[in-house]
Amino acid sequence: MDEVTQAVENLKKDWSQVVAQLEVCIAAIESCGMMGKGTEEANSLPRLNGSAQDALQLLNALQCRLDLLAEQLPSFEEVQSGQATLGSWKEQYQKLRASLRSANLQAKANIKKAAEEERKLLLGGGEESTIRRRNLQTKAGMTSAAESITESLRRSRQMMVQEVERSANTLSTFDESTSVLRKAEGEYQGHRSLLMRTRGMLSTMQRQDVLDRIILTIGFLIFSLAVLYVVSRRIGLLTLQRKLADAIRSGSISAEDIVGKVQHGPAPINAPPTAPAVYDEL
C-alpha cells in the first residue's frame, strides 16, 4: 500500500476514535444536573467542556491533514473518495458542535433546576439541612481542588501536544533537508564523474597537441632539407652551365666535344693510353 493511502487510513481510524470520545463527553455534559447534585456537577462541567474542545480541535486538525493528503493520493478515484470523506467529516464536525452546544444548554438547565432544589433543602430547617450544608462545603472544597488540578493537567497536556507537534514539524523539516542533501550529493557525484571524464579528454587532447607539433616540426625540417637540397643542386647545375659557356666562348673546348662526351660518356679512368699511330715510311 502506498504511504499516502496508509496515512489516510490512519487518519480515518483516529477520526473514529476522537468522535467516539467526543460523543461520550457530549453525553456526560448533557446529563449534568440530572443526578440531583447541582453544585458538584456544575463544577465538573468546565472539565467536560475542556475535553470536548480538545476533541474538536483534534478533529479540525485531522480535517486539515486529510485535505493535504487527499491531493497526493495516487489515483483519481482515490482523490475523489478522499474529497468525499472530507466533506462528510466537515458535516459531522458541524453536527457535533451543534450537539455540544445543545448539551451545554441542557446541562445549564439541569444544573439550575438541581440548584433550586438544593436551595430549598438548605433553606429548610432540621438536622438534615445542617448535614447537607456541611457536606456541600466539604465536597465543594474537594471539587474545587480537583478542578484546579484537572485544569493544570489539561494545560500541561495541551503544552505537551504543542511540543510534540513542534517536534514532529522539526523532524519533517530535518527529513526534507536530508533528502535535499542526498539529492545534492548525487548531483555532485554525477558532476564529479563528468569532470573526471572531461579532465581525461583534456589530457588526451594535450598529448595529441604535443604529438601534432612534433610531427609538424619534423615535417617542416624534412621539407626544408629537401628545399635546400633542390636549391643546392640547382645552383650547382647553374654553375656548371656557366663554366661550360665560358669554356666554349674561350675556345678551350668545342660544342662537338661536349656533345660527344654526353653521347659516349666520360672516358674510363683506368683505361690504358692509346698508342700513337705508326706510319710506314717507304
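A residue counts as buried under 20% relative accessible area, as exposed over 50%, and as partly exposed in between. Keep that in mind for Asp 209, which has a relative accessible area of 35% and is therefore partly exposed. This is a predicted model, and the protein chain has 5 helices and 0 strands. Of its 282 residues, 19% count as buried.

**The whole chain**
- Going along the sequence, you'll find the pattern α-α-α-α-α.
- Take the contacts with a separation of 6 or more: 72% of them are between residues 24 or more positions apart.
- The accessible surface comes to about 21800 Å², and 60% of that belongs to carbon and sulfur atoms.

**The largest nonpolar core**
- In soluble globular proteins, nonpolar side chains tend to be buried together.
- Here, the largest nonpolar core has 30 residues, and the members touching the most others are Trp 15, Leu 22, Ile 29, Leu 59 and Leu 62.
- Helix 1 (3-30), helix 2 (38-70) and helix 3 (76-123) are the elements that each give two or more residues to this core.
- Helix 1 gives the most, with 10 residues.
- Leaving aside residues up to four places away in sequence, Leu 22 touches Ala 52, Ala 55, Leu 56, Leu 59 and Leu 96.

**The aromatic pair**
- The count of aromatic pairs comes to 1.
- That pair is Trp 15 with Trp 89, and it's stacked, at 4.3 Å centre to centre with 0° between the planes.
- Trp 15 sits in helix 1 and Trp 89 in helix 3, so to speak a link between distant parts of the chain, 74 residues apart.
- Trp 15 and Trp 89 are both buried.

**Salt bridges**
- Side chains of opposite charge can pair when their charged atoms come close.
- The whole structure has 3 salt bridges.
- One of them joins the side chains of Arg 157 and Asp 54 at 3.6 Å, N to O.
- Because Arg 157 lies in helix 4 and Asp 54 in helix 2, this pair ties together parts 103 residues apart in sequence.
- Arg 157 is partly exposed at 46% relative accessible area, whereas Asp 54 counts as buried at 14%.
- Arg 166 and Glu 163 meet in another salt bridge, at 2.7 Å, N to O; they are 3 residues apart in helix 4, so about one helical turn separates them.
- Asp 209 pairs with Arg 213, their closest N and O atoms being 3.3 Å apart, and Arg 213 counts as exposed at 56% relative accessibility.

**A nonpolar patch on the surface**
- Phe 220, Leu 221, Phe 223, Val 227, Val 231 and Ile 235 form a nonpolar surface patch, with about 580 Å² of accessible area together.
- Ile 235 is found in helix 4 (residues 127-250).

Key:
Residues numbered from 1 in each chain as written. Predicted model: local features only at pLDDT ≥ 70, side-chain atom pairs only at ≥ 80, totals over all residues. Heavy atoms only, no water. Core = buried A, V, L, I, M, F, W, Y, C linked by side-chain atoms within 4.5 Å. Buried < 20%, exposed > 50% of the residue type's maximum accessible area, 1.4 Å probe, protein only. Helix = DSSP H or I, 4+ residues; strand = E, 2+ residues; numbered from the N terminus. Contact = heavy atoms within 4.5 Å. Patch = residues over 30% accessible without salt bridge, like charges linked within 9 Å, V, L, I, M, F, W, Y side chains within 5 Å. Areas by Shrake-Rupley, 256 points an atom, 1.4 Å probe, with all protein chains shown as cover. Salt bridge = Lys/Arg side-chain N within 4 Å of Asp/Glu carboxyl O. Phe/Tyr/Trp six-rings, centres within 6.5 Å; stacked < 30°, edge-to-face > 60°.
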